[in-house]
Amino acid sequence: MIAFRIRQQGRVRLNSTLPSGVPGVDLRMRGTAWYHCGQGKLSRSERTVAQAATVAAVQGIAQQVEHRSFPDIDRDLQERVTLKLAPWQRAPATIHPDLSVCARVRLRLSPAGRKQLAEYDAARRQAHIERAVLSDQITHLRKYVLREADTARAWWLQHHDASTESWEKFNSVILPLVHKQDDPQSRYTRAASLFASLIERMETDETRFQAFLNLARALVDQMNWQDLVSKSNDPHSPVHE
């Protein structure tokens, strides 16, 4: 303390704000700063400059303290700011070429700041709840709904209509996400989708389309399913006379 008093040359009252880390919420920073500038006595104009530089230097030093959480939860913020400002330290040359400062301050939240902080905290809690609910929903989908195709179909039917367009959307979007797709209906659906895509691609190529029909007719003959290619169901003229 003796060394402190020997070095001090002047002091200045502090009354400013300190960003809290929460948008729109600032802390009131009040206290006293001491400064030392050169060896001789300062003139009035030099003292004015030194005092202004001291305020700027203390403000910059205090803002270097990182906020660990919200101001009402960060219990040791006051202590960390106090420890940061307690020792004598040189001000940056951009503020003053020959200035050392130290300070003792108190941090407070204004009533308006506390209200803003409460609103921010409430919004943050709501966002956390929504994120937790979404995480639970995704976990449920991945662990249960998308585990098997039949379960996924039951879930889809519960939330959507049973129209053809709805099931086409299910087959194209949901079914590929299902872990187990080895049930008969899934295999049939994939096969139907494959053949539909083949036919759509061959719409403008009559030669390939006819070749596809010949292969289909040969397969039907091999399976002895001639009823599937009756004249009323044949899209073109019969392949075999």
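This is a predicted model: local features need pLDDT of at least 70, side-chain atom pairs count only at pLDDT 80 or more; totals for chains, interfaces and linings use all residues.
Me: Are Cys37 and Cys102 buried or exposed?

Reply: Burial is read from relative accessible area, and the cut-off for buried is under 20%. Cys37 has a relative accessible area of 10%, so Cys37 is buried. Cys102 is buried as well, with a value of 3%.

Me: How many helices and strands does the protein chain have, and what pattern do they follow?

Reply: Count the elements, then read them in order along the sequence. The protein chain has eight helices and four strands. Their pattern is α-β-β-α-α-β-β-α-α-α-α-α.

Me: Which residues have the most contacts inside the largest nonpolar core?

Reply: A nonpolar core is read as a set of buried residues joined through their side chains. The largest one here has 29 residues, and Val81 and Leu85 have the most contacts inside it. The elements that give two or more residues to this core are the strands β1 (10–19), β2 (26–36) and β4 (100–109), together with the helices α2 (44–63) and α3 (77–85). Of these, α2 gives the most, with six residues.

Me: What is Leu85 in contact with, leaving aside its neighbours within four places in sequence?

Reply: Leu85 is in contact with Val58, Ile61 and Ala62, and also with Cys102, Ala103 and Val105. A second, separate core has nine residues, including Val145, Leu146, Trp156 and Ile174.

Me: What share of the contacts in the protein chain join residues at least 24 apart?

Reply: Contacts can be sorted by how far apart the two residues are in sequence. Among those between residues at least 6 apart, 56% join residues at least 24 apart.

Me: How do I read burial and surface for the whole protein chain?

Reply: Take the share of buried residues, then the accessible surface. Of the 241 residues of the protein chain, 30% count as buried. The accessible surface comes to about 16,900 Å², and carbon and sulfur atoms hold 54% of that.

Me: Which residues make the nonpolar surface patch of about 410 Å²?

Reply: The patch is made by Leu219, Met223, Trp225 and Leu228. Trp225 is found in the segment after α8 (206–223). Its relative accessibility is 46%, so Trp225 counts as partly exposed.

Conventions:
Residues are numbered from 1 along each chain as its sequence is written. Side-chain values use heavy atoms; hydrogens and water are left out. Buried means under 20% relative accessible area, exposed over 50%, partly exposed in between (1.4 Å probe, protein chains only). Contact means heavy atoms within 4.5 Å. Accessible areas come from the Shrake-Rupley method with a 1.4 Å probe; for residues, only the protein chains shown count as cover. Patches are made of residues with over 30% relative accessible area and no salt bridge: like charges are joined within 9 Å, nonpolar side chains (Val, Leu, Ile, Met, Phe, Trp, Tyr) within 5 Å. A salt bridge is a side-chain nitrogen of Lys or Arg within 4 Å of a carboxyl oxygen of Asp or Glu. A nonpolar core is a set of buried Ala, Val, Leu, Ile, Met, Phe, Trp, Tyr and Cys residues joined through side-chain atoms within 4.5 Å.
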